[in-house]
Amino acid sequence: MSPGKVLQPVLKMKVDELFLCWLSQSATQLALKDYLRRIKNEEKMETRDGESGNGKNERFTSKNSNSKQCIFEDTRLPLSFSPPQLSTTLPLATPTSTRNAANVRATRRSSGPRVVQTKKEETLPPSLSQNIPTFYFPRGCPKEKVNIDAVITEIERTFSEFPNERATLEDMGKVAKACDCPLYWKGPLFYCAGGERTGYVSVHKFVAMWRKILQTCYDDAAKFVHLLMNPGCNYLVQEDFIPFLQDVVNSHPGLSFLKEASEFHSRYITTVIQRIFYTVNRSWSGKITCNELRKSNFLQNVALLEEEPDINQLTEYFSYEHFYVIYCKFWELDTDHDLYIDRKDLARHNDHAISNRMIERIFSGAVTRGRKAQKDGKISYADFVWFLISEEDKKTPTSIEYWFRCMDLDGDGALSMYELEYFYEEQCQKLENMAIEPLPFEDCLCQMLDLVKPQYEGKITLHDLKRCKLANVFFDTFFNIEKYLDHEQKDQFSMLRDGDGESQEISDWEKYAAEEYDILVAEEAASERWNDGYEAELNPVDHQKANVLKYHMEKRPFFEMPSHLADVDLDDYDYEEDFE
C-alpha cells in the first residue's frame, strides 16, 4: 500500500473532527437554521409557480445545492469562530465521499467575488463602531471650553495685591474666589501648591499648579481629589482630609470656641473623617474615588461652610454637637481613657442592650479596621463612630450593610435561617431573665419573612433588607433587646409610618443626637449649679458655645484627660490603623 493511501484515513478523521467542531458551535447552528428557513420559503415559492414533474425536482435540487454553497460562502468569512485550520486542511481531504467533495468544492468557491461582496456588507458595523463618542470620563466630562488664560489673569491680579506676590494661608480665601472655588478650598489649594513647606505660595507656583488642574480635571470632584490626594494616587484616604479639616477648625466662626482646646482638635477631625467615609465611601474600600465623591453631597456641604456660620446646622458631616454626643458616649465606656475599648466596655453601652453574640461579631473584624486593635481585642474611637451611628439609625444604606455584615456569619452574602436562630437564641434568654415569655423562633421567623418579603425562599439578602422600609425592626429583633421591646409595644401602622423614609424630615440619627445633646447640656448645667451655687435658668437651645466649651473642659469629670494625653496633636493620632 502506498504512503499516500495510508495517510488518507487520518486526514479524513481530522477533517471530520474540525467539521463537527464547527458544526457544534451555537453561532453555526443559528446560521444553519436561518438558511434552512430561507430554503424552505424558496421551496414554497417554487411550488406556487406551477412547475411539475422532473423539471420541478431538478430546479429544487439545483436550488438546494446553490443554497448549500451560499451557507459556506456567507458563514465562513463573517463568522470568526471557524477553526483556522479549516481553509488549509479541507482541500487536502480525500474525495471518498460526496459530502467531503461538496465541502471541498464549496470551500474553493468561497474565494470568488461573491464572498468579497458579503464581506463588505458584514464589515459595516465595525466601521460604524469607530464613531461611538467617548462615554467614560474619570476626571469629569469636559464642558464648554474654559478660557484658562482669563482665569490665570484673574489669579495673577489677586496675587499682585499681596506683598512680593506671595499668599499666606490667611490670604488664600481671595485666591480661592479668583479660582471660582468655595471659600474652604483655600486650605487644599495652599497645601497642594507647596505652601506647607515655606509658609507661603508664590504666584508662579500656584499658576503652574492650577493651570495643570484646569487642563486635566473638568468638574469639582476631580479637582478636589487632585488637591488632596497623594502623588501617584487617584483616590483619597483618611489622612488626606486632615489638613483640610484642620483649616476648617482654625478658621470657621462656628468653631472659634474650639481654637484654644487643641487637644480636642484631633478628636473632632477624626469624627468628621469617619462620618465622611461612612457616607461617601460606599464601596467600603477605605479609598474615596472621584465617582464616589461625585455621587455624594459632601462638596455641597463644603460650600455651605461659607454660608452657614452655625456649624451645628451642617448635621451630615461637620456638626460639633454630634461630635460632642459621640465622644461623650465613647468616654463613658473608655474607663482607662486610652482611646480604645474592649468587649466588656462596649457591652455596657445603653445598659447592655446589645447582645453578646453581636458584640463578638463587631470585634471579629467584619466591620472594623485596624489590625493592631483587632489583635488586642479592642476597637478604636474611629470604629466606635461607625458603631454608634449604625446603632441609632438602622435605615441608611451604610448601617444596613454594617449590620448585615455582622449577621452574615459564613460570609455567603445571605442570612440563612440558622444565622437568624443563632442571634435570636440570646434574645430569648434575655426575655426569660426579664420574666417575659419569648415568641417561639418559628413564629418570629414568619413575622420577619412577612416583614422583609425576601425574593428567594429560605434566605434574606442585602437587597431584600435595603428594599424593606423596616430594616431597623428586623435588626433590633435579633440583637437589641430594648429596641425590640419598644417595637413590640407599637402598632403595625405606626411602624410603617415611621419607616416611610420619604416622610421623614430628619433622620433617626439626628433625632438621637439632638436629644442626647440636650440631656448632656442639662447635666452640665445641673452640675454647675450644684457645685458653684449658680441658679441661672438653662436654655438648651440658645446656649452659648463658649460656655459649652467651658463645661467640657473644666467641669465635666470624664473630660479630665490624663496627663500623658494632654498634649495630643494630629501627628500623634494613628489614622493609619483606621484606614487599614
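**View 1. Cys 233, Cys 181 and the cysteine picture.** In this predicted model, Cys 233 comes out as partly exposed, with 21% relative accessibility. Cys 181 is buried, because its relative accessible area of 6% falls under the 20% cut-off. For Cys 181, the nearest cysteine sulfur belongs to Cys 179 and sits 5.2 Å away.

**View 2. The largest nonpolar core.** This core has 128 residues, and the members touching the most others are Phe 206, Phe 241, Phe 298, Phe 318 and Phe 474. The top contributor is helix H18, residues 320–333, which puts in 10 residues.

**View 3. Zooming in on Phe 474.** Which residues is Phe 474 in contact with, once neighbours within four places in sequence are left aside? The list runs to Met 407, Leu 415, Leu 420, Met 448, Leu 451, Val 452, Ile 460 and Leu 465.

**View 4. The annotated EF-hand stretch.** An unreviewed UniProt entry annotates residues 395–430 as "domain: EF-hand". In the model, that span is 69% helix and 8% strand, and its end C-alpha atoms are 25 Å apart. Helix H23 (residues 397–407) is where confidence in the chain is highest, at a mean pLDDT of 97.

View 5. Averaged over the chain, pLDDT is 79, and 71% of the residues score at least 70.

Key:
Residues are numbered from 1 along each chain as its sequence is written. This is a predicted model: local features need pLDDT of at least 70, side-chain atom pairs count only at pLDDT 80 or more; totals for chains, interfaces and linings use all residues. Side-chain values use heavy atoms; hydrogens and water are left out. A nonpolar core is a set of buried Ala, Val, Leu, Ile, Met, Phe, Trp, Tyr and Cys residues joined through side-chain atoms within 4.5 Å. Buried means under 20% relative accessible area, exposed over 50%, partly exposed in between (1.4 Å probe, protein chains only). Helices (H or I, at least four residues) and strands (E, at least two) are DSSP runs, numbered from the N terminus. Contact means heavy atoms within 4.5 Å. A disulfide is a pair of cysteine sulfur atoms within 2.5 Å. UniProt positions are given in the numbering used here, feature names are shortened, and annotations may be inferred rather than shown by experiment. pLDDT is the predictor's confidence in each residue, from 0 to 100.
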